Amino acid sequence: KLPADLPLPSGRRRRRERHEEHDRRTERERILRVVCKYINSGFPVVVLTEGTDAHAFTLVGWQQAGDHIRLLACDDQVGPYEVIDDPLTASREHRAKWRSLMVPLPEKVFFTGEAAETRARNLPELTLARIDAAGLAPPDELTLLAESLHRLDGPISLRARLIEGRRYKTVAGRQERSAEVTKLIRLAHLPHWVWVVEMQDRAARERGEPCVLAEWIFDSTAHDDVPLERLASTRSATTDAHGRSRGHPRALWAAPGSGAMWRSLITDRELLHAEYP
């Protein structure tokens, strides 16, 4: 019987190292997507560490550093605005491996941002399936979205933010959307808090241009297993699912878009500055 501590052959060792690196990248991406999503929404994220000497500290910001994200933490044992380059290796003598994340959310916000992103990612393909079943020609923009969203690093990315319904209506007027769409949004019946999920053109975003290709608004009081879409927007049209389900005239639940991308209320720095002067 061979000893268990014999080194692996070089080929198997490289495969295992690639798998381990893939798992680390996936775990890092999961952490950063959750943290950045809630910090963008204005909510700090509390980190709990493992071990008998479990510790808690707060993540209050993030910043782009080259091709990766750095987190900013406030820890009573370190001080304010500690820079964390990598959440998987962010350990000190007093801090162990991260165990869980907690987010203090407003009352009646039951629908999570993760569920909102998952639902939004699947909606273009689900919509195309319904259009195909009805024997209609699929819109080109939906086909493009459905194909591009299969790749996490593709030309289209998802961004989500929790925002008050009334604030969302205010910002919509500064996003360079058509007058009909802006009117429909402001007349829509929305809950106190909504999840906004944007599908953004990466190249346009990097150039600082309007980059939103599509947007879904979800009711924050819904359950993760039963998502409730309130508004759906593409470059060609915006629809109000609530108004349509109530039998309102079409003019009150559908509005034509301008055909162009619009400004993001999540990543557009000028728009965010106008929102928080």
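In the predicted model, the residues that line the second largest pocket comprise 11 nonpolar, five polar and six charged residues. The lining has 22 residues in total, and those nearest the pocket centre are Thr-127, Leu-142, Ala-232, Thr-239 and Arg-244. The volume of this second largest pocket is about 660 Å³. Six elements each contribute two or more residues to the lining: the helices α2 (113–133), α3 (140–148), α7 (241–245) and α8 (250–253), together with the strands β9 (229–234) and β10 (237–240).

The nonpolar interior was examined next. In soluble globular proteins, nonpolar side chains tend to be buried together. The largest nonpolar core of the model contains 41 residues. Within this core, the residues with the most contacts are Leu-59, Leu-71, Trp-98, Trp-195, Met-199 and Phe-218.

Strand β6 covers residues 156–164 and is mostly covered, with eight of its nine residues buried. This strand runs antiparallel to strand β7 (residues 193–201), to which nine bridges join β6. One of the pairings involves Ile-163, whose bridge partner in β7 is Val-194. Trp-195 and Met-199, by contrast, belong to the largest core, and both positions fall within the residue range of β7.

Tyr-81 has a positive phi, near 55°, and is placed in strand β4 (residues 79–84). The relative accessibility of Tyr-81 is 58%, so this residue counts as exposed, the cut-off for that class being over 50%. Lys-108 likewise has a positive phi, with a value near 70°. The position of Lys-108 is in the loop between β5 (98–102) and α2. Lys-108 also counts as exposed, because its relative accessibility is 53%. Positive phi values are therefore found here in two exposed residues, Tyr-81 and Lys-108, the former in a strand and the latter in a loop.

Methods: Residues numbered from 1 in each chain as written. Predicted model: local features only at pLDDT ≥ 70, side-chain atom pairs only at ≥ 80, totals over all residues. Heavy atoms only, no water. Core = buried A, V, L, I, M, F, W, Y, C linked by side-chain atoms within 4.5 Å. Buried < 20%, exposed > 50% of the residue type's maximum accessible area, 1.4 Å probe, protein only. 1 Å grid on protein atoms, 1.4 Å probe; cavity = no way out; pocket = protein on both sides within 12 Å on 5 of 7 lines; lining within 4 Å. Points joined across faces, edges and corners; volume = space filled by probe spheres on them. Helix = DSSP H or I, 4+ residues; strand = E, 2+ residues; numbered from the N terminus. Nonpolar A, V, L, I, M, F, W, Y, C, P; charged D, E, K, R; others polar. Pairing = 2+ DSSP bridges.
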